[in-house]
Amino acid sequence: MRSRDQEETATDFGRFSEPALLVLVSLAGEPKHGYAMIEDIAAMTGSRLGAGTLYGAIARLEAGGLIEPVPGGERRRPYRLTAAGARQLKARLASLERVARIGQTRLAGA
Amino acid sequence: MSFLLRLYPKAWRERYGEEVAELLARERLTPRLALDLLTGALDAQLHPQLAARTAHKATGASGGATVIGGFSFRCASAPGMTRREALNSALLVAGSALVLALGWVWLKRTYGPTPWVDALGQVALFGPTLAYAVLLGAKNRTSTARALLFAGLLVLLLLINYAAARWL
């Protein structure tokens, strides 16, 4: 089982950080296949991820234990958040919310 | 579009190939998508351990195989590579980068900053790593074929950099 330190380093995804975050947010609602994630992310952000970028993020998230295929008999299974993935997402969104609040306060005061 | 998936490593294709092929069947091939797949393939070649980890999990390997797989993963730089092969590959990349860099320094001191010399300098920085990434996909070829592929890729990169410096 991963330690909390290992979970933090597992999310050092370089240029895949933003797509990985979007995938986690997309899966926070319900398990999805790749195409459904692309459509969901396009609806959220107005921008469509390419398959190469999406699966670069999926591979990293799966290797890091943050998402997993839903167990079942089908060959093509949707992905879902793991407990570690939900914790990571919650922490990341809290951090982004703090930054957004500070940024908006500073802009209002400028 | 499935021909672009052949640029990905075998372990990656085994794990994600079917899903991605199904996804691509619903998309129109555009230059942007092609470039996205190319960069994704390069990334997958540079990080073969990602697909190896998830392929291992997906097949539900037994306890003994998991221990062996984990040990192999830690010692090798790519799925199926022995420790010796991983060391040889690392020496190849580091050694060729060093040789190219020293050659660049000598040529620059001798002939000054010409387009060829500058092109060599840029290839020395990232060429061996890029060429090695493609080599991972040619693991089953003979040593001669791999050497020719490696050298050929470096020459190609040199020509591209020279053309970019000269005409752009």
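A salt bridge (a side-chain nitrogen of Lys or Arg within 4 Å of a carboxyl oxygen of Asp or Glu) links the side chains of Arg80(A) and Glu68(A), at 2.8 Å from N to O. Arg80(A) belongs to strand 2 of chain A and Glu68(A) to strand 1 (residues 67–69) of chain A, so the pair ties together parts twelve residues apart in sequence. Helices (H or I, at least four residues) and strands (E, at least two) are DSSP runs, numbered from the N terminus. Arg80(A) is partly exposed at a relative accessible area of 31%, and Glu68(A) is partly exposed at 28%; buried means under 20% relative accessible area, exposed over 50%, and partly exposed in between (1.4 Å probe, protein chains only).

The model is predicted: local features need pLDDT of at least 70, side-chain atom pairs count only at pLDDT 80 or more, and totals for chains, interfaces and linings use all residues. Residues are numbered from 1 along each chain as its sequence is written, chains are lettered from A and ligands numbered from 1 in the order in which they are written, and side-chain values use heavy atoms, with hydrogens and water left out.

Chain A has five helices and two strands, in the order α-α-α-α-β-β-α from the N terminus. Of its 110 residues, 41% count as buried. Chain B has eight helices and zero strands, and 33% of its 168 residues are buried. Contact means heavy atoms within 4.5 Å. Among contacts between residues at least 6 apart in sequence, 64% in chain B join residues at least 24 apart; the corresponding value for chain A is 49%. The accessible surface (Shrake-Rupley method, 1.4 Å probe; for residues, only the protein chains shown count as cover) is about 6,200 Å² for chain A, with 52% from carbon and sulfur atoms, and about 10,300 Å² for chain B, with 66% from these atoms.

Helix 3 (residues 34–45) of chain A contains the buried residues Gly34(A), Met37(A), Ile38(A) and Ile41(A). Viewed down the helix axis, the buried residues fall within an arc of 100° (taken over the directions from the axis to the C-beta atoms), so they line one face of the helix. Their cover includes helix 2 (17–29), helix 4 (51–63) and strand 2 (79–81) of chain A, together with helix 2 (10–24) of chain B. Just after the helix, Gly46(A) adopts a positive phi of about 80°.

Between the chains, 25 residues of chain B are in contact with 23 residues of chain A. The buried area, which is the accessible area (1.4 Å probe) that two parts lose on being put together, summed over both, is about 2,000 Å², and carbon and sulfur atoms give 50% of this area.

Asp43(B) and Arg60(A) form a salt bridge at 2.8 Å, N to O. Asp43(B) lies in helix 3 (residues 31–46) of chain B and Arg60(A) in helix 4 of chain A, so the pair joins two chains. Asp43(B) is buried at 10%, as is Arg60(A) at 9%. Arg15(B) bridges to Glu62(A), with the closest N and O atoms 2.8 Å apart, and also to Glu19(B) at 3.4 Å. Glu19(B) and Arg15(B) both lie in helix 2 of chain B, four residues apart, about one turn of the helix.
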